[in-house]
Amino acid sequence: RTDYKMYCRGGFKMAVINLNLFSMMLRFGTDVTVVLPDEIQKNEKLACVWLYHGGSGDHTDWLYHTDLVDEVEKRHFAAVLPNVNESCFVNMNIGGKYESYVAKELPSIIWNMFDCISKDREKNFVSGLSNGGYGCLHTILKYPDKFSKVGAFSAGDKADAVFLNDGSEKSINRIRLFGDGDLHKTEYGLTYLADLFIEKELPKIQIYHACGSLDPWLDMNHIVRDYFLEHKDYFDYTYDEMENYGHEWKFWNIELKKFLDFAGLCEKQN
């Protein structure tokens, strides 16, 4: 099912296409939004940013809380916004195979549906906030053959989160997502995946990582930051910490634009 709309904001028009797809990986229908610039030349292959939402959000968040639609038109790229519920974009311990969906199945579907979106890894970037920031790092570390740059905002490693198996709803959700053991030596751990990445000598990736100084999970972001700085010979890593910003959309909207600059998606000159 496809819902196609033309949005007009700030004098720009762009296509916002809402899809409901049946996923073979998930075994049910799921929503995804595609944003395209208004004018696309014949045989043009657009760069694409795959945007991951946060833990309590969905595929519409980036659309309505940031200047994404204006940026798509001004910078002339495509954006794909998948919905993965509260899965953290991983293959859950008990639940859906969301990693396989967003990293393998969905790109194949989108590239087949939209010939204007490039399949070239050098033109495919993944970005996200909070749980989606963790998720986009997880995706690119496992699939650097498909994505070349990542923008991770307010993104700690789930392996570093304190876990108490106390029967609470929080602990039950953690077991459902990742299991009940130490995640540092599993594929749910970002530094574990990064160590594997180094061992396998995979295609180099560019990492843009940002967090607000008032973010309640700043310490977890610093652990991730310190790991990549210690392994700078293997990763092209940039960290940005903004003073007086917390875990909030105002910060993520600013960082989205910084990441687009980092990825080389500059505003078109008239």
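The model is a predicted one.

Two packed helices are described by the angle between their axes and the distance between the axes. The crossing in which α4 passes α6 is left-handed. On the α4 side, the residues that meet α6 are Y134, L137, H138, L141 and K142, and their counterparts in α6 are L190, L193, A194 and F197. Sorted by class, the contact of α4 with α6 comprises seven nonpolar residues, one polar residue and one charged residue.

The second pair is formed by helix α2, residues 68-75, and α8; these pack at an angle of about 20 degrees, with 11 Å between their axes. The angle therefore makes α2 roughly parallel to α8. Here α2 passes α8 in a right-handed crossing. From α2, the contact is made by L68, E71 and R75, and from α8 by L256, K257, L260 and D261. The class composition of the contact of α2 with α8 is three nonpolar and four charged residues, with no polar residues.

Rolling a probe the size of a water molecule over the atoms shows where empty space is left. The largest pocket has a volume of about 960 Å³. Its lining consists of 38 residues, and those nearest the centre of the pocket are N131, K158, A161, K170 and W217. Two or more residues of this lining are given by each of the elements α4, α5 (169-178), α7 (218-230) and α8 (249-262). Helix α5 supplies the largest share, with seven residues. By class, the lining of the largest pocket holds 15 nonpolar, 13 polar and ten charged residues.

How values were computed:
Residues numbered from 1 in each chain as written. Predicted model: local features only at pLDDT ≥ 70, side-chain atom pairs only at ≥ 80, totals over all residues. Heavy atoms only, no water. Left-handed = near helix turned anticlockwise from the far one by under 90°. Helix = DSSP H or I, 4+ residues; strand = E, 2+ residues; numbered from the N terminus. Contact = heavy atoms within 4.5 Å. Nonpolar A, V, L, I, M, F, W, Y, C, P; charged D, E, K, R; others polar. 1 Å grid on protein atoms, 1.4 Å probe; cavity = no way out; pocket = protein on both sides within 12 Å on 5 of 7 lines; lining within 4 Å. Points joined across faces, edges and corners; volume = space filled by probe spheres on them. Axes fitted to C-alpha atoms, helices over the stretch in contact; angles between N-to-C directions. Parallel < 35°, antiparallel > 145°, perpendicular 65-115°, else oblique.
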